[in-house]
Number of protein chains: 4
Amino acid sequence: MANKKLSFTSDYMEGAHPLILKRLAEMNMVKSSGYGTDDFSESARSKVREACNAPDADVFFLVGGTQANATMIDSILRPYQGVIAAESGHVSVHEAGAIEYGGHKVLTLPHKDGKISAESVKNCIKGYLSDENHDHMVMPGMVYISQPTEYGTIYSLDELKQLSHICHEYKIPLYLDGARLAYALACPENDVTLPDIAALCNAFYIGGTKCGALFGEAVVIPKHDFVPHLFTMIKQHGALIAKGFINGIQFETLFTDDLYLNIGKNAIETADRIKKALVDKGYTLTLHSPTNQIFITLDKEQAEKLSKDVELGFIENLDENHVVMRIATSWATKNEDVDDLIAAL
Amino acid sequence: MANKKLSFTSDYMEGAHPLILKRLAEMNMVKSSGYGTDDFSESARSKVREACNAPDADVFFLVGGTQANATMIDSILRPYQGVIAAESGHVSVHEAGAIEYGGHKVLTLPHKDGKISAESVKNCIKGYLSDENHDHMVMPGMVYISQPTEYGTIYSLDELKQLSHICHEYKIPLYLDGARLAYALACPENDVTLPDIAALCNAFYIGGTKCGALFGEAVVIPKHDFVPHLFTMIKQHGALIAKGFINGIQFETLFTDDLYLNIGKNAIETADRIKKALVDKGYTLTLHSPTNQIFITLDKEQAEKLSKDVELGFIENLDENHVVMRIATSWATKNEDVDDLIAAL
Amino acid sequence: MANKKLSFTSDYMEGAHPLILKRLAEMNMVKSSGYGTDDFSESARSKVREACNAPDADVFFLVGGTQANATMIDSILRPYQGVIAAESGHVSVHEAGAIEYGGHKVLTLPHKDGKISAESVKNCIKGYLSDENHDHMVMPGMVYISQPTEYGTIYSLDELKQLSHICHEYKIPLYLDGARLAYALACPENDVTLPDIAALCNAFYIGGTKCGALFGEAVVIPKHDFVPHLFTMIKQHGALIAKGFINGIQFETLFTDDLYLNIGKNAIETADRIKKALVDKGYTLTLHSPTNQIFITLDKEQAEKLSKDVELGFIENLDENHVVMRIATSWATKNEDVDDLIAAL
Amino acid sequence: MANKKLSFTSDYMEGAHPLILKRLAEMNMVKSSGYGTDDFSESARSKVREACNAPDADVFFLVGGTQANATMIDSILRPYQGVIAAESGHVSVHEAGAIEYGGHKVLTLPHKDGKISAESVKNCIKGYLSDENHDHMVMPGMVYISQPTEYGTIYSLDELKQLSHICHEYKIPLYLDGARLAYALACPENDVTLPDIAALCNAFYIGGTKCGALFGEAVVIPKHDFVPHLFTMIKQHGALIAKGFINGIQFETLFTDDLYLNIGKNAIETADRIKKALVDKGYTLTLHSPTNQIFITLDKEQAEKLSKDVELGFIENLDENHVVMRIATSWATKNEDVDDLIAAL
C-alpha cells in the first residue's frame with residue numbers, strides 16, 4: 001500500500017501522534033462552530049499563549065508552512081518592501097515563488113549552515129539606506145529566519161537576541177519559521193525557549209505538520225493586533241479551514257502536559273545514534289547539525305549503494321560526482337528502523 | 001467544551017465520517033512519501049477517475065474550497081481574463097477577495113436562486129465581443145458555477161449541458177465548485193452524475209470538507225495536462241500539504257464502496273423532515289432548495305425567538321425587519337436533534 | 001497622414017496646448033535631473049499646491065489615468081480592502097482589470113448618470129459592517145469618484161461634501177479621478193473648486209492628458225505623507241518616467257496664469273452649441289451632461305447615416321436597434337468643425 | 001531654473017532631438033485616433049519592422065523602461081515561472097520590485113561587467129531540471145539581458161547567438177532590454193544589428209527615452225501574436241497612453257532617414273574623449289565600457305573634489321573609502337561641456 005523500503009526521507013511520513021488521533025476520535029461528533037471560532041481552538045490559543053508567556057498574543061491556526069510564510073509575509077509587508085532571508089531559506093528556494101506571487105522580493109543573504117548573522121542583516125539594511133538610488137529599490141521590510149534552519153542548525157539565544165536587536169533598531173519585524181520547532185526545543189544544544197521567541201520576534205509559527213500533527217501550524221503574534229484584519233487576509237490566501245476545530249483539537253493536545261516540548265526527543269536521540277554510526281563508518285557529515293536532520297555528502301558510488309536499501313532525501317548535486325543527501329528522524333522514528341539503517345550503512 | 005445549544009449552523013460542525021477516522025488510525029504509522037506522491041493518493045486518484053469515468057483525468061487533493069477555487073481560477077486564466085460567476089457565487093462574495101488577490105476580476109451575472117443561465121452567459125460573452133472598446137476590458141475567460149449552489153439549488157443535466165455548450169462554443173473553460181457535491185448526488189431531484197460533470201466541465205472539485213472528510217477537496221481535470229505545471233502552482237498558492245497521504249486516505253475511503261455517493265442521503269432525509277415541519281408550522285421558505293440547506297425568511301420576532309433554542313446560519317438582512325437564515329443538515333445530523341429542532345419551531 | 005473625416009470621437013485627438021509646446025521647445029536643452037527631482041517639477045508642484053490651497057500637499061506627476069488610478073488605489077488600500085465605485089466607473093469597466101491586477105476588488109454601486117450618492121455609499125459600508133460574515137468579505141477601503149464622471153456629469157459641492165462626510169465618518173479615504181477636471185472647472189454649472197477638492201478628498205489627480213498636455217496627470221495628496229513611500233510604489237508600477245521634467249514643464253505651464261482653469265472653456269462653449277443643435281434637430285440626448293461630453297441615443301439608421309460624415313465615440317449597445325454614442329469637444333475643438341458637424345446632423 | 005553645475009549624471013537630462021520636437025509641433029493640431037490606432041503609429045510600426053527586417057513583427061509603443069520590462073515579463077511568463085537575469089540587471093535591482101509585484105521571481109546569475117554567459121544560463125536551467133525538488137521551485141521561463149548592459153558593455157553577435165541558441169534549446173524566450181540601444185548601435189565595437197536582435201530574440205524594446213525621445217520605448221515581438229492579447233495587458237499595466245500618436249510621431253521620426261542608427265554617435269565620440277582624458281590623468285576606469293557610460297572608481301577625496309565642479313551618477317559604495325561613479329554622455333552632450341569636464345578632472 002505504501003513505500004516498502006526503509007525510509008528516512010523526511011519527518012512527515014507518518015500520520016499524527018497517538019494522543020492527537022485519540023482526541024480527534026473522541027471529539028469527532030461534538031458540534032463546533034467554524035473557522036476557528038470554536039471552543040477547542042480557543043482553548044488551544046490559551047495554552048499556546050501560556051507556553052509562550054505571551055498573554056496578549058494573537059494566535060491563528062493555518063494548514064502548512066509555505067502557506068503560513070506567504071500569508072504572514074504578505075500581510076506584514078507593504079508593497080514597496082521585501083523580506084530578508086538566507087539564500088538557503090525555504091521562502092527563497094522551495095516555495096515555488098509564493099512570496100513573489102504575493103508581490104514581494106526575497107532579499108537574500110549568504111548563510112552559514114543555514115543561518116544569517118545580525119551583522120549581515122545590518123549591512124544589508126545599511127547598504128540599502130546608504131545607496132543614493134534606494135528609492136528605486138525594494139526596501140528591506142522584514143527579516144525571515146527559521147529555527148531550526150533548513151540545515152537543521154539552531155540559532156543560540158545570543159544570536160537571536162542580536163538579530164532582534166538589529167531589527168528593533170531599524171524598526172523591521174523579525175519573523176521566525178518554526179516548521180520543525182519541536183526538534184529545536186528538544187535539542188540539548190538549544191538554549192532558546194518559546195517565551196524567548198515570543199519576546200524577541202514579532203511573529204512566528206509553531207510547526208505542527210512535522211512535529212506530530214496531521215497538519216497545521218500555529219501562527220503567534222505576541223503583540224495583539226500587530227497585523228490588523230489578519231483573519232480576512234488568511235481567508236484571502238485560502239488558508240482558513242472551515243473545520244478550524246480540527247486544528248484546535250490538535251494544538252490543544254500538543255500543548256497539554258508539555259507534549260510539544262517533549263515530542264521531539266525521540267527524533268534527537270535517534271538522530272544522535274545515526275550520526276555516531278555514520279562517523280564511525282567513515283561517512284562525511286556535510287555540516288554539524290544538532291537536531292533531527294542529518295546531511296551527508298556522498299560520492300556517486302556511495303549514493304547508489306545506499307539507495308538500494310534506504311530512501312534518503314535529495315538536497316543538492318554538489319558537483320558531477322557528489323551529492324548531498326538528508327536523513328531525517330522524527331517523533332515517529334522507530335529504533336528498529338534505526339538499527340536497520342545502521343546495518344545498511 | 002464546545003457549543004451546547006442545538007445547532008444547525010452549517011454542514012461542517014463535526015469531524016470525519018467514522019470510516020475515514022478508522023482508516024486514518026489504521027494507517028497512522030505507515031510511512032508514506034510526501035506531497036501526494038504516496039500510494040494512498042495514487043489509489044484515491046484511480047478511484048476518483050473511475051467514479052468520474054475519466055480515465056485520463058488529472059486529480060489533485062487540496063485543503064479547502066476557497067483555496068481550490070483561487071488556485072484553479074488563477075492557474076487557468078491568463079492575466080487579461082476574468083471569471084464569470086453568479087452575483088451570489090462564493091467566489092464573488094465570501095472569499096475575501098481571493099480571486100482579485102490573484103489578479104482577476106469576477107464578472108458577475110444576476111442569478112436565479114443561485115443559478116446562472118446559459119443564456120445570460122452567452123449574452124455576457126456576446127456583449128463583451130460586440131463592445132467596440134472590449135480590448136480595454138476584462139475578457140470573460142472562464143465560467144464558474146457551483147453544484148449545489150450557494151442556495152442549495154441544483155443545475156439539471158439539461159441546464160449543465162447548455163452551459164457547457166456555450167462555453168465550448170466560445171472556447172471558455174467551465175469550472176464547477178462541488179464543495180457540497182455529495183448533497184447534490186444524494187438528492188432525488190438531481191439527474192447530474194459525476195461522469196456527467198467530468199464530461200461537461202473542464203475542471204471541478206469534489207468537496208470533502210463538507211461531505212464527510214476532516215478537510216480536503218479533490219480537484220479533477222478530465223483532460224490530462226489541461227493545466228500544465230499545476231503542481232507547482234498549487235505549491236505557490238500554499239495549497240500543497242506535506243502529508244498529502246492524509247488526503248489520499250480520506251478520498252480513498254470516500255471513493256470505496258460508493259461511500260461518497262451515499263454519504264449525503266442522511267442530510268437530504270433530515271432536511272426533508274425539517275422542511276415539511278417548517279411548512280406545516282407556517283414558516284416562509286425563502287426558496288425551493290432540494291439539497292441539505294434550507295433558507296427561511298424570518299421577521300425579527302421569529303428570529304429572536306428561534307435563536308434562543310437553536311443556532312442557525314446568518315445569510316443576509318433583507319430589510320430592517322426581516323432576515324434570511326439557513327438551516328444546514330449533513331451526513332452527521334442526528335434524528336434526535338431534528339426532533340428537538342422541530343419541537344422548537 | 002491621420003484620420004480625414006470630421007471627428008468628435010474623444011478629447012485626446014490633438015497634441016498639446018500651444019503654450020506647452022512652446023515652453024517644451026524653449027527649455028529643450030536645459031539639463032535637468034531625473035525622476036521629478038528637477039526644478040521644473042518643483043515649481044509645478046508649488047503652483048499646484050497654491051492652486052489647490054494645499055500648502056502641505058504631496059504632488060506626483062504620472063503619465064496616464066489608468067496608471068494613476070491603479071497606482072493610487074493599490075498604494076492606499078490594504079490587501080483585505082476594495083474600492084467602492086460606480087458600476088459605470090472607469091476603474092470598474094475600462095481599465096482592463098488594472099485594479100484587480102493589483103489585488104483589489106472593485107465594489108460597484110448603481111449610479112445615476114455616472115454619479116454615486118453619499119447614501120448609497122453609506123448603505124454599502126453599513127451593509128458590510130452589519131453582515132455577520134463580513135470577515136470573509138472584502139472590506140470597503142476607499143471611495144472612487146470622478147469629476148466629471150464618465151457621463152460628463154458633475155458632483156455639486158454639496159454632494160461632494162456629503163460623500164466626504166460619510167468617508168470621514170467611516171475613516172475611508174475619498175479619491176477623485178480628475179481626468180477631465182478642467183472641463184468641470186470651466187463649466188458654468190459647476191460650484192466645486194480645486195481648493196474644495198483638496199479640502200474634501202484624501203487624494204485626487206488633475207488630468208493633463210485630456211486637458212491640454214501631451215500626457216500627464218498630477219496626483220495630489222493634500223496631507224503630506226498620507227501615503228508613505230509613494231515614490232517607490234510609483235516606480236514599482238512602472239509609472240515613474242525618467243524625464244520627469246517633461247511633466248514638470250507641462251504642469252508648470254498649465255498652472256501659470258490660470259491656464260488650467262480656463263483651458264476647458266472652449267470645450268464647454270462648443271459642446272453647448274452642439275447640444276442646442278442636437279435638440280433643435282430632434283435628436284435624443286441620453287442624459288443631461290453639462291461638460292464636454294455629449295451622449296446621444298441613436299437608432300441604427302441614424303447611427304449609420306451620421307457615421308458617414310462624422311466619427312463619434314462608441315459607448316454601448318442599448319438594444320438591438322439602439323446605440324449610445326458620444327460627441328466630445330476639447331480645448332482644441334475648432335468652431336469650423338462644429339459648424340460642419342451641425343450641418344451634418 | 002534647472003541645475004546649474006556641469007552635469008554628466010545621466011543620458012536623460014535634455015528633452016527631445018530637434019527633429020522630433022519639430023515634427024510634434026508641425027503635427028500638433030492633426031486629429032488622431034487614440035491608443036496607438038492612429039496613422040503616425042501605424043507608419044512608425046512599419047518603419048520599425050523594416051529597420052528590424054521583421055515584416056511580421058508586433059510593435060507596441062510604451063512609455064518607459066521599467067514599465068516595458070514589467071509588462072513584457074508578466075505577459076510572457078506563466079505564474080510558475082521566473083526570469084533569469086544578471087545580478088546587476090535593471091529588473092533585479094532598480095525597478096523597485098516591479099517584476100515581483102507582477103508575481104515573478106528574478107532568478108539572478110553572476111555577471112561579468114554586466115553580462116551573463118550562455119554557459120551560466122545553461123547551468124542555471126540544467127541545475128533546475130536536475131534538482132529532484134524542482135516542482136517546488138520557480139521554473140526559469142525567460143532570459144532577460146540588456147544591450148548595452150547596466151555597465152555600458154555590449155554583447156557581441158557571437159555571444160548573443162549563443163544565448164539565443166541555449167534559449168531555443170530549452171524553449172525559453174530571450175528578451176532584450178534596449179533602453180540605450182542607440183548607443184550600442186553607434187558603437188564601433190558593436191557587431192549586433194537590429195535585424196540580428198530581431199532574429200535572435202523573442203521580444204525586445206528599442207529605447208526612446210534615453211535615445212532622443214521625450215519618452216517612449218518601442219516593444220518589438222518579431223513573431224506575430226507570440227503574446228496574444230498584449231494590447232489588453234499593456235492597458236492593464238497602466239502602460240497604454242491615450243495619445244498614442246505622440247509616441248507614433250516620435251518613433252516615426254527616429255526611424256526616418258536612419259536617425260536612430262546615428263543618434264548615438266555624438267555620445268560615443270564624447271565618451272571616447274572623456275575616457276582618454278581620464279586615463280591620461282590617472283583615473284581608474286572601473287571596467288572597459290565601450291558605449292556612452294563611463295564608470296570610474298574614486299577614493300573619497302577624489303570624489304569630493306570632483307563633485308564640486310561636476311555632477312556624476314552614483315553607482316555604489318565599494319567600501320568605506322571607495323565609490324563607483326558614472327559619467328554618461330548622450331545624443332545631446334555638447335563638446336564645450338566635455339571641455340569643461342576634462343578641465344575639471
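Two residues are taken to be in contact if their C-beta atoms, placed from the backbone, lie within 7 Å. The model is predicted. By this criterion, the contact between chains A and B takes 51 residues from chain B and 50 residues from chain A. Five elements of chain B give two or more residues to the side that touches chain A. They are α1 (18–26), α2 (39–51), α3 (65–76), α5 (98–101) and α10 (230–236). Helix α3(B) gives the most, with four residues. By class, this side of chain B divides into 24 nonpolar, 19 polar and eight charged residues.

Chain A also meets chain D. Here 20 residues of chain A are in contact with 20 residues of chain D. On the chain A side, α5 (98–101) and β12 (313–319) each supply at least two residues. The residues of that side comprise eight nonpolar, nine polar and three charged.

Within chain A, the domain assignment gives domain 1 (18–262) and domain 2 (264–344). Their centres, taken over C-alpha atoms, are separated by 27 Å. The contact between them takes 17 residues from domain 1 and twelve residues from domain 2. On the domain 1 side, the largest share comes from helix α8 (residues 181–185) of chain A, with four residues. That side of domain 1 has ten nonpolar, four polar and three charged residues.

Helix α11 (residues 244–254) of chain A is mostly covered. Eleven of its eleven residues are buried. Among them are A:Phe245, A:Ile246, A:Ile249, A:Phe251 and A:Leu254. The buried set also includes A:Asn247, A:Gln250, A:Glu252 and A:Thr253. These buried residues of α11(A) pack against helices α1 (18–26), α2 (39–51) and α12 (259–262) of chain A, and against strands β2 (58–62) and β8 (217–221) of chain A.

In soluble globular proteins, nonpolar side chains tend to be buried together. The largest nonpolar core holds 480 residues. Of these, A:Val220, B:Val220, C:Val220 and D:Val220 touch the most other members.

A helix pair was examined in chain C. Two packed helices are described by the angle between their axes and the distance between the axes. The axes of helix α13 (residues 265–280) of chain C and helix α15 (residues 335–344) of chain C come within 10 Å. They cross at roughly 10 degrees. Angles under 35 degrees count as roughly parallel, so α13(C) is roughly parallel to α15(C). From α13(C), the contact is made by C:Thr270, C:Arg273, C:Ile274 and C:Ala277. From α15(C), C:Asn335, C:Val338, C:Leu341 and C:Ile342 take part. By class, this contact has five nonpolar, two polar and one charged residues.

B:Val93 lies in helix α4 (residues 90–93) of chain B. B:Val93 counts as buried because it has 20 C-beta neighbours inside 10 Å. Not counting residues up to four places away in sequence, B:Val93 touches B:Ser88 and C:Met137. B:Val93 and B:Val106 are 13 residues apart in sequence. In space they are 9.7 Å apart, C-alpha to C-alpha.

Definitions and conventions:
Residues are numbered from 1 along each chain as its sequence is written. Chains are lettered from A and ligands numbered from 1 in the order in which they are written. This is a predicted model: local features need pLDDT of at least 70, side-chain atom pairs count only at pLDDT 80 or more; totals for chains, interfaces and linings use all residues. Ala, Val, Leu, Ile, Met, Phe, Trp, Tyr, Cys and Pro count as nonpolar, Asp, Glu, Lys and Arg as charged, and the others, Gly among them, as polar. A nonpolar core is a set of buried Ala, Val, Leu, Ile, Met, Phe, Trp, Tyr and Cys residues joined through C-beta atoms within 7 Å. A residue is buried if 20 or more other C-beta atoms lie within 10 Å of its own, exposed if 12 or fewer, and partly exposed in between; C-beta atoms are placed from the backbone. Domain bounds come from an automatic or database domain assignment. Axes are lines fitted to C-alpha atoms, for helices over the stretch in contact, and angles run from 0 to 180 degrees between N-to-C directions. Angles under 35 degrees count as roughly parallel, over 145 as roughly antiparallel, 65 to 115 as roughly perpendicular and the rest as oblique.
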